[in-house]
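Please walk me through this structure step by step, in plain paragraphs that someone new to it can follow.

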Amino acid sequence: MKGWLAMAAVALVPVVAATVGAFEEKAPSIKSVMAKLHKGSKAQFAVLKAQAESPTPDWDAIGKTTKDFVILGAALGKNDPPKGDKESWKTQANKYFQNSKALDDAAQAKDLAALQSARKSMGESCKSCHNVHRGK
Ligand code: HEC
């Protein structure tokens, strides 16, 4: 019995550590969010474009992609911007999150027109934020 308990305890430690870690971990950085969602042809924004432009849209797959925008989009506002003031950042990050929500709402509703319009808004949002908040 003791042996079994010890083994169970050992087996549980990494699980508990991982769970606690997930809560204590800081929100993903702006840079990592941008890289995952917007950097290059493998990023989620490009994946979503291909999914949305498919002649037979796979709404389950689209919904998985748009969830990433909601989850990672929410992380933007938990960071401080590398440049520009915090109030402006909060506004921009919130706008990004609203765009992410619009993508996801459209995916849930399987509404292609709404999805395209949300993609367009997001595609047009890059510069106004980068101009003010992206360093270098
Ligand atoms: C809410 C503000 C905001 C919006 C909107 C935004 N970005 Fe960014 N982006 C940033 C900031 C801030 C950085 C710099 C992050 C850093 O280097 O710490 C950045 C960095 C990047 C990078 C560089 C990532 C890397 O690996 O260094 C890419 C690529 C990028 N953004 C693409 C986009 C595209 C494409 C859009 C629009 C579809 C967009 N961003 C919209 C704030 C934003």
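Predicted model: local features only at pLDDT ≥ 70, side-chain atom pairs only at ≥ 80, totals over all residues.

**A helix and its neighbours**

The residues of helix 5 that are buried are Trp-89, Gln-92, Ala-93, Tyr-96, Asn-99, Ser-100, Leu-103, Asp-104, Ala-106 and Ala-107. As background to such a list, residues three or four places apart point the same way, because an α-helix has 3.6 residues a turn.

Helix 5 covers residues 86-109, and at 1.5 Å a residue its 24 residues should span 34 Å, which agrees with the 34 Å that separates its end C-alpha atoms. Just after helix 5 comes Lys-110, which takes a positive phi of about 50 degrees.

Phe-97 also has its place in helix 5, and this residue is partly exposed because 18 other C-beta atoms lie within 10 Å, whereas a buried residue would need 20 or more. Leaving aside residues up to four places away in sequence, Phe-97 touches Gly-73, Ala-74, Leu-76 and Gly-77. Between the C-alpha atoms of Phe-97 and Ile-71, which are 26 residues apart along the chain, the separation is 8.9 Å.

The ligand is surrounded by 22 residues, of which the closest are Met-34, Ala-35, His-38, Cys-126 and Cys-129. Helix 2 (30-38), helix 5, helix 6 and helix 7 are the elements that each give two or more residues to this shell, and the largest share, five residues, comes from helix 2. Sorted by class, the shell around the ligand holds twelve nonpolar, seven polar and three charged residues.

Technical notes. Residues numbered from 1 in each chain as written. Helix = DSSP H or I, 4+ residues; strand = E, 2+ residues; numbered from the N terminus. Expected span 1.5 Å × (residues − 1). Buried ≥ 20, exposed ≤ 12 C-beta atoms within 10 Å, placed from the backbone. Near = placed C-beta within 6 Å. Nonpolar A, V, L, I, M, F, W, Y, C, P; charged D, E, K, R; others polar. Contact = placed C-beta atoms within 7 Å.
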